[in-house]
Structures are given as structure tokens and as C-alpha cells.
Amino acid sequence: MKRVLSGIQPSGKIHLGNYLGAIRQHLQMQDKFECFYFIADLHALTTIRDAKLMRENTLNLALDYLAFGLDPKKTVFFKQSDIPEHSELAWIFDCITPMGLLERAHAWKDAQAKGKKDLTVGLFNYPALMAADILIYKPQLVPVGQDQKQHVEISRDIALTFNKHFGKTFPLPEPLIKEEVATVRGTDGTNKMSKSYNNTIDIFSDEKTLEKQIMSIVTDSTPVEKPKDPVRCTIFHLYKYFASPAECKTLEKKYRAAGMGYGEAKKILLAKLLEYFGPSRKKRIELQKNLSYVNDILKNGANRAKEVAIKTMDEVRRKIGTRQTGI
Ligand code: ADP
Ligand code: TRP
């Protein structure tokens, strides 16, 4: 059985882009693969400097995954910081990774281009920790959104460099990106949906907030009485991910015929999202009443992940010579 690994940062509320680009795929893979999924709290430390917020976000993300249907019996689900071996391996990778490789990373270049003031070593180093997250479990597949593809490629480069210096240790992981959801558009109608653009539709928000976010979707100015182009419309773009082909056809017809305003299309989208996510929204409320159960799942997951991580680190320490052999 192939091994799959992925992580997601506890950096805020889960939105449609996160769900379609990452989480949905993660969950679909549970039945066919041996899955390791973790909450990348150490990566989130590049932006979060508030212990309470870190704790809240981490717990919320665990709740989200479980509400969406993560099955802790099938999947190893844990918190990155519970496995300090990730950080140890990241340092080892730091020592063999050329600066130039990390300087070319989009996330780093973007941060620089935006003139961010508090650029940190952690942000620069982000892909080395991510390489450690991945390689320590020797997975074959890493399902991520398009924006993370380069990071997985950097992991492959680092694996190759390590293998070259110290002998074959790490298999090369493949990024797995679903094309049709490669980039989910945000409510501003131009940028990808992202917390950093403030253009998200947050799945577990209360109904009022959800409605407000959907109503804020930017559309063109075609008046109600004129036909509209579904292909370019962000409402339709989002609707398509959740509606059946027949439902899409119906909405498409309404667009092409005159007489439907964007306000009505937004209401149709809201109803669809509430229907689609209804069971998960309900389940999350139940889980919230039993947080010790959620914490136990993470603890259990960490124990299972640790077994693999310890084994890899034992091999790595022997290969690099920080562990004496034969003693
Ligand atoms: P954000 O951009 O809101 O900060 P993250 O960077 O934390 O979101 O993304 C978490 C996961 O969700 C990543 O695997 C990423 O590729 C995926 N993802 C985020 N936004 C989108 C999007 N608009 N379309 C597709 N996938 C996305
Ligand atoms: N960088 C990823 C993101 O922002 C999260 C992440 C950290 C990750 N480590 C990983 C994803 C390892 C896949 C594999 O979405």
C-alpha cells in the first residue's frame, strides 16, 4: 500500500479553497492508501505569535478534519510539534541545502517582493522543515494545492542531495495535484481564495457570516434583464464544485436566459453550500462538546507517527555519523 503524507497549517479558518485544494483529496485517499496527515503548527509559527491563538487554531483544525470525515482508525493524524524529529531532520537538511535553492522559493520571493518588514530565518527556511516533514515518513505521494508544488519539488532536491552525500536513504516523493481544483477563485473574483487576500468563504462560519461572504462575491455589472456568462462568473465557478451536472445545467440555463440577477445566483450557491456541508457542520458541533476525545486522537496519532520518525532518524544519524554504529 502506497504511503501518503500531507500537512496543513493551523493559520485560521478553513475555506473552500483549502477544502477543495487539499482536505477533500486527503480524505478521499484514506481508503486506498496508508495516510499520514498532520497539523503544521511549527510552520504556522512563522506568522502566529500568540499562544492562545495557536492553541485555538490547532484544535479548530483538528475539529475541522474530524468533522469532514477523517477516520483516526485508518489515518495517522497528529500535530507536527509532537514529533521533534521533524525539527532535527530540518537542521540536518539546512546543512546540505544551498541558499540558492531556498532563495528561489516563490513564498520567500513573494514575501520579499511585498516588502514585508519582519522577514525571518524561519520563513526562509520553511521549505527545509517541509522537506523534513515529508521525507521522515518516506511517502510516495504528497497531495497539495498548486501553490505548494514547488515546496514538494524542493523536498525532492533535498532528498537527492542527501542521498548523494550519504547514500540512498530517501525515496523521491511525488506531488499530487488535482487539476480541476488547482486554484479556487476568491470572492474578489480575481485572486485565488486565500486568507491573505481576505476573499474567503469559511465553511464552518455561522450562517450569517457565510451569507455575508457569499453576498460579497464580486461580479460584472450585467443587469438582471440581460443574459450572463457563467464561464467567467465566480458564483458559477464555485457552484460547479458542489453541484451535480444536472444542477449546473439548470443554473447555466438561468444565466443564459435573461431575468436572473447575481443576487439570486448567490442565494442558490448559499443553499448548495449549506446542503453540502450540513452534515460536517453538525458533526463539528458535536465534536466540540468532547474536546478530550479530539486531543486523545492527536496524542494517539503522534505515537504512531513517532514510531516511523524514530526509525528514519536512527538511520539518518547512522548515515551522517552523529550516531556511533556498533555500540
Ligand atoms: P491560505 O492561502 O488561505 O493561507 P494555505 O496556504 O494555508 O491557505 O493553504 C492550505 C492548503 O490549501 C494548501 O495545500 C493549499 O495548496 C490549499 N489551498 C489554499 N487555497 C487554495 C485555493 N484557492 N485553491 C486551491 N487550493 C488551495
Ligand atoms: N506548507 C504547507 C501549506 O502551507 C503545509 C505543510 C507543512 C505541508 N509541511 C508539509 C504540506 C508537508 C505537505 C507536506 O499548505
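Which polar backbone atom lies 2.9 Å from a nitrogen atom of ligand 1?

Author: The model is a predicted one, and the atom in question belongs to the backbone of Met-193. Two further backbone contacts involve oxygen atoms of the ligand. A polar backbone atom of Lys-195 is 2.7 Å from an oxygen atom of ligand 1, and a backbone N or O atom of Gly-145 lies 3.1 Å from an oxygen atom of ligand 1. On its own, ligand 1 has 540 Å² of accessible area, and the protein covers 90% of this.

The shell as a whole may be described next. There are 18 residues around ligand 1, and those that come nearest are His-15, Asp-147, Val-184, Ser-194 and Lys-195. Helix α1, which spans residues 16–28, supplies four residues, the largest share of the shell.

The whole structure holds 21 of them. In one, the side chains of Arg-284 and Asp-64 meet at 2.6 Å, N to O. Because Arg-284 belongs to helix α12 (residues 262–288) and Asp-64 to helix α3 (residues 51–68), this pair ties together parts that are 220 residues apart in sequence. Both Arg-284 and Asp-64 are buried. Another salt bridge joins the side chains of Glu-88 and Arg-317 at 2.9 Å, N to O. Glu-88 lies in helix α4 and Arg-317 in helix α13, so this pair ties together parts 229 residues apart in sequence.

Methods:
Residues numbered from 1 in each chain as written. Chains lettered and ligands numbered in written order. Predicted model: local features only at pLDDT ≥ 70, side-chain atom pairs only at ≥ 80, totals over all residues. Heavy atoms only, no water. Near = heavy atom within 4 Å. Polar contact = N/O pair within 3.5 Å; in protein donor to acceptor, adjacent residues only side chain to side chain. Areas by Shrake-Rupley, 256 points an atom, 1.4 Å probe, with all protein chains shown as cover. Helix = DSSP H or I, 4+ residues; strand = E, 2+ residues; numbered from the N terminus. Salt bridge = Lys/Arg side-chain N within 4 Å of Asp/Glu carboxyl O. Buried < 20%, exposed > 50% of the residue type's maximum accessible area, 1.4 Å probe, protein only.
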